[in-house]
Amino acid sequence: MDRPLFNLDRDMNEQEAERLLSFARPVRLSPRDCLWQAGDSPDLLVRVEQGLLRARVVLADGREYIKEFYWEGDEFIDFHHLLSGEPARYSVEALEPCRLQLFALSDLRTLACWPAWYHHLLAVQLRIKEEKELLLLTESPQARYQHFLHSFPALDARVPDHQVAAYLGITPISLSRIRKRLKHLNQG
């Protein structure tokens with residue numbers, strides 16, 4: 001799925017670009033480091049320069065669900081927190097060594113390009129959510145996995161099996177069976 005970055009060059013003059021760079025806070029995370037925990041108030045925009053992160057929800061009984069993966073070139077905000085003021089409902093954790101740029105939303109709101117950038121972020125997020133919602137509601141586990149492989153071909157090798165399963169809303173055992181079935185179909 002296409003996850004384009006906002007074209008800052010098109011919508012920002014040189015002075016604004018310098019201001020934006022002054023707002024950037026570079027952060028490095030090691031695998032398993034959390035960018036934020038459920039319950040935090042993440043008032044920031046995150047740009048992923050390198051690495052892979054996951055947004056995850058852990059239920060009281062220990063079951064884990066992966067809301068989203070973020071990788072090189074992604075920009076993201078906790079929209080639920082931003083729009084409701086409520087604490088984050090999920091944690092964001094590094095799966096690989098990560099190099100990020102963090103921008104305080106209070107700083108970004110002072111830029112003339114912010115409304116267009118925010119609109120772009122909302123549009124990208126809405127496309128991602130609409131597609132995933134329809135997949136979860138209407139497609140079989142096998143079709144969801146095939147869509148994952150087609151949409152994110154590089155992620156399958158970078159993400160552990162149990163996390164792929166948690167993203168697809170299935171068990172690791174179901175994912176293993178689906179993979180065996182697809183392998184058998186591809187060989188036959």
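**View 1. Glu75 and its surroundings.** Setting aside residues up to four places away in sequence, Glu75 touches Leu5, Phe6, Val46, Arg47, Trp117, His120 and Leu121 (a contact means heavy atoms within 4.5 Å). This is a predicted model, in which local features need pLDDT of at least 70 and side-chain atom pairs count only at pLDDT 80 or more, while totals for chains, interfaces and linings use all residues. Residues are numbered from 1 along each chain as its sequence is written, and side-chain values use heavy atoms, with hydrogens and water left out. Glu75 belongs to strand E6, residues 75-76; helices (H or I, at least four residues) and strands (E, at least two) are DSSP runs, numbered from the N terminus. With a relative accessibility of 13%, Glu75 counts as buried; buried means under 20% relative accessible area, exposed over 50% and partly exposed in between, with a 1.4 Å probe and protein chains only. Two polar contacts involve the Glu75 side chain: one with the side chain of Arg47 at 2.7 Å, and one with the side chain of Trp117 at 3.3 Å. Here a polar contact is a pair of N or O atoms within 3.5 Å; within protein, one must be able to donate a hydrogen and the other to accept it, and residues adjacent in sequence count only if both atoms are side-chain atoms.

View 2. His120 sits in helix H5. Is His120 buried or exposed? At 16% relative accessibility, His120 counts as buried. Neighbours within four places in sequence aside, the contacts of His120 are with Pro4, Leu5, Phe6 and Glu75. Leu5 and Phe6 also touch Glu75, and this view can be read together with the previous one.

**View 3. Leu100 in strand E8.** Leu100 has its place in strand E8, which covers residues 98-104. The relative accessible area of Leu100 is 0%, and this residue is buried. Residues that touch Leu100, apart from those up to four places away in sequence, are Arg25, Pro26, Val27, Leu29, Leu35, Val46, Arg47, Val48, Glu49 and Leu53.

**View 4. Helix H8 and what covers it.** Six of the eight residues of helix H8 (residues 161-168) are buried, so this helix is largely enclosed by the rest of the structure. Which residues of H8 are buried? They are Gln163, Val164, Ala165, Ala166, Tyr167 and Leu168. Their cover includes strands E4 (52-58) and E5 (64-71), along with helices H5 (114-138), H6 (141-151), H7 (155-158) and H9. Just past the end of H8, Gly169 adopts a positive phi of about 75 degrees.

**View 5. Arg32 in a loop.** Look for Arg32 in the loop between strand E1 (25-29) and strand E2 (34-36). Its phi is near 80 degrees, a positive value in a residue other than glycine. Most residues other than glycine have a negative phi. Arg32 is exposed, with 72% relative accessible area.

View 6. Pro141 lies in helix H6 and counts as partly exposed at 35% relative accessibility. Once neighbours within four places in sequence are left aside, Pro141 is in contact with Ile170 and Ile178. Between the C-alpha atoms of Pro141 and Ser91, 50 residues apart along the chain, the separation is 25 Å. Lys180 is found in helix H9, residues 172-187, and is exposed, with a relative accessible area of 59%. How far apart in space are Lys180 and Trp36, C-alpha to C-alpha? The distance is 36 Å, for two residues 144 apart in sequence.

**View 7. Stepping back to the whole chain.** The protein comes to nine helices and eight strands. Its radius of gyration (taken over C-alpha atoms) is 18 Å, close to the 16 Å from the globule rule for 188 residues, so the protein is as compact as a globular protein of that length; the rule is 2.2 Å times the number of residues to the power 0.38. Along the principal axes, the C-alpha atoms fill a box of roughly 60 × 35 × 30 Å. Of the 188 residues, 44% are buried. Among contacts with a separation of 6 or more, 74% come from residues 24 or more positions apart.
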